Amino acid sequence: MAVQRHDEIEINTPVSLAAQAVRRGLNQSPPYYRTSERETPEASMGEAKRFKQPAREVGRLTLELFGYCLAFPLALFVVTGCTTPANRVRINQVQVIGTHNSYHLRSHESLRTLMAKRAPDLAPGLDYSHRPLAEQFSRLGIRQIELDCFADPDGGLFAEPRGPKVAVELGLPPVPDHDPEHRLRAPGFKVMHVQDIDYFSSVLTLKEGLQQVRAWSGQHPRHFPVFILLELKEDQPAPELTRPVPFGERELEALEAEILSVFPREKILVPDDVRGTEASLPEALRKHGWPTLKAARGKVMFGLDNQSSVRDLYLKGHPALAGRLIFVSVPPAHPAAAWMKEDDAIGDFDRIKSLVRDGFLVRTRADSDTVEARTNETCRRDHALASGAQFISTDYPEPNPAFSPYAVGFENGIVVRVNPVNDDPSLRGMDLENGRR
């Protein structure tokens, strides 16, 4: 608020105005502010004579007192750290859209032909692509991503995929080199869907993917926390494909080290932040709930997609995930229960709603294997949105015109909306990330 006085220009904030009012005391008159002075008829005829009307003095005093009345609550708002209603929302009271296999790029035509010959039932389900991660965040409002990780401690395990060699043997057009900079030869976790055959990816390594997230986050520090789902791959779907390195304790420790090489600990929302001093995560959620949006802005959090022996190994020695970076999907009574993977939005609709009401985070899927997009079938999507699951994962945050208009998103381009199951009705229609309707 700029205030012009008799002798100077003075810039005052609501806090400084309130402080000035306190210092002067209620029995002191505030300084007069300059207002425009009206010319007399004589002055308009050439006489440079001016006057002030007494009513203007009263008006100035009234305006100043009104300004102080406004300044006090504004000052309290700033000093006490009061926030907008959106900032007070907890992160389990919202919904966001996520992408499934967020790195995935449609394979080269020769590889698709090869897949159609070897696995005709599975090949159509791999016909999708995603934008680069930063574009997903900025253009599509994505706030949950999924990265499939293969361990490669020595480097080079996936540097020469076998699919292109088989394609050449079958007389198919050559497949271009997807790694001209040889990033796959360095040690570290690699990101792809299926080794040798469905490996085209917008991020070749986990570190590269995390760096892209970190760069975008730094440019948008008030974003809703990005949930990064990691699936640790050990499968060899066919004997002719490269055998992956199994995940043991060494690989799990290396995974956390790679995460921390990109994100400082304070930028990650980890299980310890939620559990606090409680014995288990469910107990902490019952007593304290999830952090508020204000506390979680600009951070990331990690979830482990695996529900097998890899998850159990990650929990070994850390039953409530004490000291761990990654949330895991376990039954609600487990000491580490906080986030659940429930992909069947139709069959598990009631269960998802119950978990959300109980304070858990849930990820479900709106579609899979291109089925819904090819037929414009929206039943699964609509169930997912109505279930209250906080993370709605899709392969189609925007339509594929070759299939249908099918897409998954919120009304009016909202990025973070209030949760339909545990919501505050007064916040409906608001984008909670920016506080606008």
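Two residues are said to be in contact when heavy atoms of theirs lie within 4.5 Å, and among contacts in this protein between residues at least 6 apart in sequence, 71% join residues at least 24 apart. The structure is a predicted model, in which local features need pLDDT of at least 70 and side-chain atom pairs count only at pLDDT 80 or more, while totals for chains, interfaces and linings use all residues. Residues are numbered from 1 along each chain as its sequence is written, and side-chain values use heavy atoms, with hydrogens and water left out.

**The whole protein**

Begin with everything shown as a cartoon, where the secondary structure comes to 16 helices and 12 strands; helices (H or I, at least four residues) and strands (E, at least two) are DSSP runs, numbered from the N terminus. Of the 437 residues, 50% are buried, a word that means under 20% relative accessible area, whereas exposed means over 50% and partly exposed lies in between (1.4 Å probe, protein chains only).

**Strand β3**

Next, select residues 94-99, which form strand β3, and note that six of its six residues are buried. In a regular strand the side chains alternate between the two faces of the sheet. Here V94, V96 and G98 on one side are buried, as are Q95, I97 and T99 on the other.

Strand β12 (residues 417-418) runs antiparallel to β3 and is joined to it by two bridges, with V418 as the bridge partner of V94. Strand β11 (residues 391-394) pairs with β3 in the parallel sense over four bridges, and there T394 is the bridge partner of T99.

**Residue N87**

Move to N87 in helix α4 (residues 85-88), which is buried because its relative accessible area is 9%. Show its side chain together with that of R297, since a polar contact of 2.9 Å joins the two; the term stands for a pair of N or O atoms within 3.5 Å, where within protein one must be able to donate a hydrogen and the other to accept it, and residues adjacent in sequence count only if both atoms are side-chain atoms. Leaving aside neighbours within four places in sequence, N87 is in contact with R222, T292, L293, K294 and R297.

**Residue P335**

Finally, select P335, in the loop between β8 (326-328) and β9 (339-344). P335 counts as partly exposed because its relative accessible area is 31%. Beyond neighbours within four places in sequence, P335 is in contact with S280, L281, P282, P319 and A320.

How values were computed. Pairing = 2+ DSSP bridges.
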